[in-house]
Amino acid sequence: MAYQTIEVKQLTPTIGAEVFGADLSGPLGNQQFQEIHDALMENQVIFFRDQKLTIDQHKDFGRRFGKLHVHPNAPIDLPEHPEILVIKADEKSKHVAGEEWHSDVSCDIEPPMGSILYMHEVPANGGGDTLFASMYAAYDALSAPMQRFLETLTALHDSSKAHYYRVKATDRSDIQFPNAEHPVVRTHPVTGRKALYVNRGFTLKIPQLKRHESNALLEMLYRHVETPEFQCRFKWRPNSIAFWDNRCTQHHAMFDYHPHRRYGHRVTVCGDKPFLRA
Ligand code: SIN
């Protein structure tokens, strides 16, 4: 694709690109907005370096792509900004958000289209990379009979799988633990490509199958999703931004840096109900 206002350098031929020449703190002109959107559609996750954004500028950038999502049950660390999900780990952390491969909040009836993570602080001695996997590549690599079979199925995604530890420990009065049934293969609403849409973080079962069949099939798919050839890996620096498309990717936050600190803010852009176009 030819870009006029940005430069786009792919990380791998399958997924991921770094974008140069855009300052995300100011209002984006229509052409640059369109090119950033095109770069995201083409590469599934895009990365920006050396950005200086206030919280409001981060939210404004997200709003160019759609309404901002408020997480159904994560703590609201910044009460003035419920749309900001704080991603943090320090010496007290035993787990971090996103350690399992997942697509954000796939338990929502209308799961988010994208997420924009702005990293403020990275671990002192390295580590804390994020891995992204292409669910187009995961679908395309399956055999035709398996693709056809999966296209007949739905899967139940349940927040209680990913967020069970929040059921008791919460300060939110509006807390919710949504669940939703989605097609196992979804059509991307913009590109029209098919993507595998089950993930270890949220998916509970395939209701059309017997329990042991569902478990075995899902385990096979989760391991398939983790195939290194479907992935790129992003090494954060302070003030880097990653913008990923949840409709065609999964990601995995490495927690290999304890007891060091890592801190960032995520805004999440609302999406629509997954569908499969035959
Ligand atoms: C997430 O949004 O799932 C966390 C990603 C990360 O911390 O790298």
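My entries follow, starting with the ground rules and then moving from the ligand to a helix and some loops.

**Ground rules**

I noted that this is a predicted model, where local features need pLDDT of at least 70, side-chain atom pairs count only at pLDDT 80 or more, and totals for chains, interfaces and linings use all residues. Residues are numbered from 1 along each chain as its sequence is written, and side-chain values use heavy atoms, with hydrogens and water left out.

**Entry: the ligand**

Which residues surround the ligand? I listed I87, A97, G98, H102, D104, L117, T130, W244, H251, A253, R262 and R266. Being near here takes a heavy atom within 4 Å of the molecule.

I sorted that shell by class and got 5 nonpolar, 4 polar and 3 charged residues. In this sorting, Ala, Val, Leu, Ile, Met, Phe, Trp, Tyr, Cys and Pro are nonpolar, Asp, Glu, Lys and Arg are charged, and the others, Gly among them, are polar.

Next I checked which strands take part. Strand 14 (249-253) and strand 15 (262-269) each give at least two residues to the shell. Strands (E, at least two residues) and helices (H or I, at least four) are DSSP runs, numbered from the N terminus.

Then I looked up oxygen atoms of the ligand beside side-chain N or O atoms. For H102 I found a distance of 3.0 Å, for H251 one of 2.9 Å, and for R262 one of 2.8 Å. The protein covers 98% of the 260 Å² of accessible area that the ligand has on its own. Accessible areas come from the Shrake-Rupley method with a 1.4 Å probe, and for residues only the protein chains shown count as cover.

**Entry: helix 1**

I moved on to helix 1, residues 30-43. Its 14 residues reach 20 Å from first C-alpha to last, close to the 20 Å expected at 1.5 Å a residue. That expected span is 1.5 Å times one less than the number of residues.

Which residues of helix 1 are buried? They are Q32, F33, E35, I36, H37, A39, L40, M41 and N43. Buried means under 20% relative accessible area, exposed means over 50%, and partly exposed is in between (1.4 Å probe, protein chains only). An α-helix has 3.6 residues a turn, so residues three or four places apart point the same way.

The cover over these buried residues includes strand 1 (7-10), strand 2 (17-20), strand 3 (45-48), helix 2 (55-63) and strand 13 (241-245).

A39 lies in helix 1 and counts as buried because its relative accessibility is 0%. Leaving aside neighbours within four places in sequence, A39 is in contact (heavy atoms within 4.5 Å) with Y3, I6, V8, V19, Q44 and I46. A39 and I6 are 33 residues apart in sequence, and their C-alpha atoms are 9.3 Å apart.

N43 is in helix 1 too, and it counts as buried because its relative accessibility is 2%. Its side chain makes a polar contact with the side chain of Q10 at 3.3 Å. A polar contact is a pair of N or O atoms within 3.5 Å; within protein, one must be able to donate a hydrogen and the other to accept it, and residues adjacent in sequence count only if both atoms are side-chain atoms. Not counting residues up to four places away in sequence, N43 touches V8, Q10, I15, G16 and A17.

After helix 1 comes Q44, with a positive phi near 75 degrees.

Most residues other than glycine have a negative phi, and most peptide bonds are trans. I went looking for exceptions.

D50 has a positive phi near 55 degrees. D50 sits in the loop between strand 3 and helix 2, and it counts as exposed because its relative accessibility is 59%.

N239 has a positive phi of about 75 degrees. N239 is in the loop between strand 12 (231-234) and strand 13, and it is buried because its relative accessible area is 19%.

The peptide bond from H258 to P259 is cis, with omega near 10 degrees. P259 is in the loop between strand 14 and strand 15.

**Entry: one more loop**

P111 lies in the loop between strand 4 (85-89) and strand 5. Buried or exposed? P111 is buried, because its relative accessibility is 1%. Its contacts beyond four places in sequence include D104, H182 and Y197.
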